Amino acid sequence: MSEPIIPGFYPDPTVCRVDDDYYLAHSSFEYFPGAPIWHSRDLIRWTQIGHILTRRSQFARGDGRASSGLYAGTLRHHDGRFRYVTTNVNDYDGGQLIVTADDPAGPWSEPVRVPEAIGIDPDLAWDDAGTCYLTWKAMNSTEGEIGIRQAPLDISSGKFLAPAYPIWQGSGLAAAEGPHLYAVDGLWYLLLAEGGTERGHAVTVARGPHPSGPFEGCAANPILSHRSTIHPVQNTGHADLVRAPGGGWAAVYLGTRPRGWTPGFHVLGRETFLAGIDWVDGWPVVDEDRYQVRPLDTGFMEVFGDSPPHLRWVADGSGLRCTRVRDLRWSAEATLDGPGRFEVRIDDRHAYGLARHHDRLEATARVGDLGAVLATLPVADGHTVLRIEAVPPPSRDAGPDEIVLSAGSHELARLDGRYLSTEVAAGFTGRMLATAGPHVRSVTYRPQEQT
């Protein structure tokens, strides 16, 4: 499948089912509030219902640097309560944090910390006796990657019930991480992400008689990967399984949609996709074509005023008001009645935008350590409409797109989109539209035909 169920920078999906309702959450890195959460009845159409971490007492800001903050987590429902476990790398030495809620839309509790579990990508699972197992990717600043570890956990206190131990370390690919545990038909299955979250990303699985194993790897590993293929979706991995409507199973997983000349450039970040799961000889088999997903209508108009903005709006580490770009081709306009800024960015070192000052407009670009004012235009009092567009590149050996900066009918700059890609900027996030200043009155976003 080449169409995401959640387009744009919504990576590391984790899903749980409660009766006929599904809930999906994502990592969100430096953006606040953190960990967006969604609801669905069919696994295909999703509505955002909130964020899990909405208070700074739950999510320490740290230094706000790019690709810091909240990494991958796991969302589960057990004993009538929702639980979410995640890592805030801004508070790395504090270990994993666990929050709970009766209603997934919130409010969520203050975190219980697990200081003995240093690393990333935590998972929670319970056996039939009610014992909770924390499984995570152990790593630290002195040893680097240690491996997949597990410990029985007192979830109310965050203390281990026994010393942590290693379990299955994957099929042998690099960067084994993202563990998820499931009990299915009397066996325990351990799902991992391997190969790194770049083009070699993959999903692997092992099974055993107990949450701690011993585990045997599937002979068909990796059970999902698009590495070394021409599939339009790449970097596929970091999956989570769930029982599907009407029986059977499904998987959510992340992927990217790189475009442009080699090596390909993905600009929207890692997005969330859906696949079916069949069980064959006791192993999960991925069916990527089971679900037909149509492109979403991602357009919106936001008028800023007295009421709180839509859940799509978050703040970056420096306090900019941001929303995710969700399409490969798009046009966006901001209306200002005084000084302010409107830009598209990967982070504070990779951004193209427009700034209104008291007497002039400026088109600007920042790429790494280089920054430039590309054009200026006089401005009068009153409303000004600033426009940013992602349009097709000029040739097949160019980047994924061009970014056009305009004010009213004046085109001020046309810029190579490669410099606002993960392949150039690095990190784990995707493009965001950002505004700054109290004089931004509205933002309109329109998806365009994706050629």
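Start with Pro33. Pro33 sits in the loop between strand 2 (21–25) and strand 3 (34–40). Its peptide bond with Phe32 is cis, and omega is about -5°. A word on terms: strands (E, at least two residues) are DSSP runs, numbered from the N terminus.

Before going on, the ground rules. This is a predicted model: local features need pLDDT of at least 70, side-chain atom pairs count only at pLDDT 80 or more, and totals for chains, interfaces and linings use all residues. Residues are numbered from 1 along each chain as its sequence is written, and side-chain values use heavy atoms, with hydrogens and water left out.

Next, another cis bond. Thr262 to Pro263 is cis, with omega near 15°. Where is Pro263? In the loop between strand 19 (249–256) and strand 20.

Strand 20 covers residues 271–280, and Leu274 is found in it. Leu274 has 0% relative accessibility, so it counts as buried. Buried here means under 20% relative accessible area; exposed means over 50%, and partly exposed lies in between (1.4 Å probe, protein chains only).

On to phi. Most residues other than glycine have a negative phi, and most peptide bonds are trans. Two residues to look at here.

Take Ala175. Its phi is positive, near 55°, and it is not a glycine. Ala175 lies in the loop between strand 13 (165–166) and strand 14. Buried or exposed? Ala175 has a relative accessible area of 19%, so it is buried.

Then Ser228. Phi is positive again, about 60°, in a residue that is not a glycine. The loop is the one between strand 17 and strand 18 (234–243). Ser228 counts as exposed because its relative accessibility is 81%.

Strand 16 (residues 202–208) and strand 17 run antiparallel and are joined by 2 bridges. Ala206 has Gly217 in strand 17 as its bridge partner.

That's the tour. Over to you.

Key. Helix = DSSP H or I, 4+ residues; strand = E, 2+ residues; numbered from the N terminus. Pairing = 2+ DSSP bridges.
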